[in-house]
Amino acid sequence: MSERLADVLEGYLDLRWRINPVEGTYVGRHEYDAELPRFDPASLREYVAALRAYTSSLEEVTAETLDDEIDQTAALHAARHDLLVLEREKPHARNPSYALFHALNAIHLLLVRNSTDEARRASALLARIQALPRFLDEAAAALTEPRTVFFETARAMIAGGVGLIRDALTTTRLPEADPTALVTARDAAADALHRYADALALLEPRADAAVGIGRD
């Protein structure tokens with residue numbers, strides 16, 4: 001693989017995990033284990049601009065072999081799809097369960113994954129739990145075009161999320177974590193889930209009942 005193509009691919013993948021650090025955890029990129037996505041307007045603008053730049057770079061770079069061309073094409077399609085999600089599908093603006101999926105998966109993955117570095121796992125888990133109030137407040141503010149069809153799922157996920165936060169973080173052994181900090185973060189995260197539920201209750205009467213599937 002050419003050095004130029006390798007650099008572009010590595011840069012795109014690093015951006016992809018920064019946009020979705022929970023997916024990074026899933027694929028084993030542990031440097032993002034302490035992070036959650038950002039849905040504030042400034043971050044979304046930054047993501048879109050960066051994805052456009054990498055899309056252009058992937059279109060322009062030369063693939064020297066068939067294998068390189070396959071990798072280039074796959075990354076280009078992935079980058080274009082990422083842009084489609086952020087600019088047109090906009091699940092962060094329309095689907096109140098979208099943020100919950102990220103938040104609860106972020107915690108669940110670190111709870112169930114075996115780790116050879118328990119101190120790192122405990123530190124990352126605590127950081128994610130501590131970030132949950134900020135994340136859910138941003139997620140509620142980002143719901144500018146909510147769709148009615150998603151609210152029931154979101155309510156069920158909130159109930160399950162409170163159970164995950166309170167039960168799993170009470171019974172799971174995390175000897176490397178500061179127990180006082182963990183309890184404080186756990187309680188704040190559970191309160192944030194309830195606050196998110198309150199925000200959805202205010203949004204639901206104004207939500208759009210129409211759901212489009214396929215072409216306009």
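The model is predicted. Helices α1 and α3 run roughly antiparallel to each other, while α7 and α9 are roughly parallel.

**Helix α4**
- Helix α4 covers residues 66–89, and its end C-alpha atoms are 32 Å apart.
- That agrees with the 34 Å that its 24 residues should span at 1.5 Å a residue.
- Its buried residues are D68, Q72, A75, L76, A79, D82, L83, V85 and L86.
- An α-helix has 3.6 residues a turn, so residues three or four places apart point the same way.
- The cover over the buried residues of α4 includes α1 (3–19), α3 (41–60) and α5 (91–94).
- After α4 comes K90, with a positive phi near 45°.

**Helices α1 and α3**
- The two axes lie 10 Å apart, at an angle of about 160°; an angle over 145 degrees counts as roughly antiparallel, and α1 and α3 are therefore described that way.
- The crossing of α1 past α3 is left-handed.
- From α1, the residues R4, V8, L9, G11, Y12, L15, R18 and I19 meet E46, Y47, A50, L51, Y54, S57 and L58 of α3.
- This contact of α1 with α3 comprises ten nonpolar, two polar and three charged residues.

**Helices α7 and α9**
- Helix α7 (residues 118–142) and helix α9 (residues 179–203) cross at roughly 15°, and their axes come within 8 Å.
- The crossing of α7 past α9 is left-handed.
- Residues of α7 in the contact include L126, I129, L132, P133 and L136; those of α9 include L182, A185, A189, L193 and Y196.
- By class, the contact of α7 with α9 has 17 nonpolar residues, one polar and three charged.

Definitions and conventions. Residues are numbered from 1 along each chain as its sequence is written. This is a predicted model: local features need pLDDT of at least 70, side-chain atom pairs count only at pLDDT 80 or more; totals for chains, interfaces and linings use all residues. Side-chain values use heavy atoms; hydrogens and water are left out. Helices (H or I, at least four residues) and strands (E, at least two) are DSSP runs, numbered from the N terminus. The expected span of a helix is 1.5 Å times one less than its number of residues. Buried means under 20% relative accessible area, exposed over 50%, partly exposed in between (1.4 Å probe, protein chains only). Contact means heavy atoms within 4.5 Å. Axes are lines fitted to C-alpha atoms, for helices over the stretch in contact, and angles run from 0 to 180 degrees between N-to-C directions. Angles under 35 degrees count as roughly parallel, over 145 as roughly antiparallel, 65 to 115 as roughly perpendicular and the rest as oblique. A crossing is left-handed if the near helix is turned anticlockwise from the far one by less than a right angle, and right-handed if clockwise. Ala, Val, Leu, Ile, Met, Phe, Trp, Tyr, Cys and Pro count as nonpolar, Asp, Glu, Lys and Arg as charged, and the others, Gly among them, as polar.
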